[in-house]
Amino acid sequence: MKAFLALCLAVMLSFIIVPNIPVNVQEKSGASDKIITQPVTAEETKEKQTVPVFTEDIAKKQANLFIEALKQDTDENYRVLNYSNKEEYMTYLTNFVSKDLAAYYTDGLFEERESSLYIIPTELPPWLEDSEPVIIKQLSDHSYRVHQKNESDLYGSYEITLGYEYLNGKWIITFASVD
């Protein structure tokens, strides 16, 4: 009986002594990063950045910067002149898109051989058109979805949806879907 009471007392004391910090860990599908939500301390609040307003101009500018980054100068054999491997090129692309999207497009449009990076000769993917309007849906103060219906000779009618998040002081594309 004394052992049971001692055990109960030890359990109760552990709840009092050990800080009770609620933590929710949720994995993004296909992403290696984890989102951790916990109480914000006063010191963290000082460092919290103000998220700039997200606009159609920002959406289109970021989409254009990325599609232009996919266009690379090559020699006559399609060897990329400014980057020597996929890792180096993906690091550059993360200025515009998430690591997952950078890897997806790099793997689909480039290959490494003979210690160099080569572009696979093909058309650019269907993308946001500057001249067409977009529908913007706010998901949170730092996350948006941008949707656009387009038509082209190459791809026919298609709908594109891009996800944008404000990360590390800038808007980047974290999601792309074409139907």
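Lysine 86 lies in helix 4, where helices are DSSP runs of H or I with at least four residues and strands are runs of E with at least two, both numbered from the N terminus. At 18% relative accessibility, lysine 86 counts as buried; the term buried stands for under 20% relative accessible area, exposed for over 50% and partly exposed for what lies in between (1.4 Å probe, protein chains only). The side chain of lysine 86 is joined to that of aspartate 107 by a polar contact of 3.2 Å. Such a polar contact is a pair of N or O atoms within 3.5 Å; within protein, one must be able to donate a hydrogen and the other to accept it, and residues adjacent in sequence count only if both atoms are side-chain atoms. Leaving aside residues up to four places away in sequence, lysine 86 touches Thr106, Asp107, Phe110, Glu111, Glu112 and Leu117, a contact being heavy atoms within 4.5 Å.

The model is predicted, so local features need pLDDT of at least 70 and side-chain atom pairs count only at pLDDT 80 or more, while totals for chains, interfaces and linings use all residues. Residues are numbered from 1 along each chain as its sequence is written, and side-chain values use heavy atoms, with hydrogens and water left out.

Turning to the overall fold, the protein chain holds 5 helices and 8 strands. Along the sequence these elements follow the pattern α-β-β-α-α-α-α-β-β-β-β-β-β. Of the 179 residues in the protein chain, 29% count as buried. Among the contacts with a separation of 6 or more, 48% come from residues 24 or more positions apart.

Glutamate 56 counts as partly exposed, at 30% relative accessibility. Residues up to four places away in sequence not counted, glutamate 56 touches Glu132, Pro133, Val134 and Ile136. With isoleucine 136 the separation is 80 residues in sequence, yet the C-alpha to C-alpha distance is 7.5 Å.

Aromatic residues come next. A search of the whole structure finds 15 aromatic pairs, in which rings of Phe, Tyr and Trp (its six-membered ring) have centres within 6.5 Å, and planes under 30 degrees apart count as stacked, over 60 as edge-to-face and the rest as tilted. The rings of tyrosine 104 and tyrosine 105 form an edge-to-face pair, with centres 5.1 Å apart and planes at 90°. Tyrosine 104 is exposed, at a relative accessible area of 59%, whereas tyrosine 105 is buried, at 9%. The rings of tyrosine 105 and tryptophan 127 are also edge-to-face, their centres 6.0 Å apart and their planes at 90°. This pair links distant parts of the chain, since tyrosine 105 is in helix 5 and tryptophan 127 is in the loop between strand 4 (116-119) and strand 5 (135-140), 22 residues apart. Tryptophan 127 is buried, with a relative accessible area of 4%. One aromatic cluster is formed by Phe54, Tyr144, Tyr164, Tyr166 and Trp171.

Helix 5 (99-109) and strand 8 (170-178) each supply at least two lining residues, and helix 5 gives the most, with 5 residues. The lining divides into 7 nonpolar, 2 polar and 1 charged residues; here Ala, Val, Leu, Ile, Met, Phe, Trp, Tyr, Cys and Pro count as nonpolar, Asp, Glu, Lys and Arg as charged, and the others, Gly among them, as polar.

Finally, the backbone deserves a look. Most residues other than glycine have a negative phi. Tyrosine 78, however, has a positive phi near 70°; tyrosine 78 is in the loop between helix 3 and helix 4 (86-93) and is partly exposed, with a relative accessible area of 40%. Serine 115 likewise has a positive phi, of about 60°. Serine 115 is found in the loop between strand 3 (110-113) and strand 4 and counts as exposed, at 74% relative accessibility.
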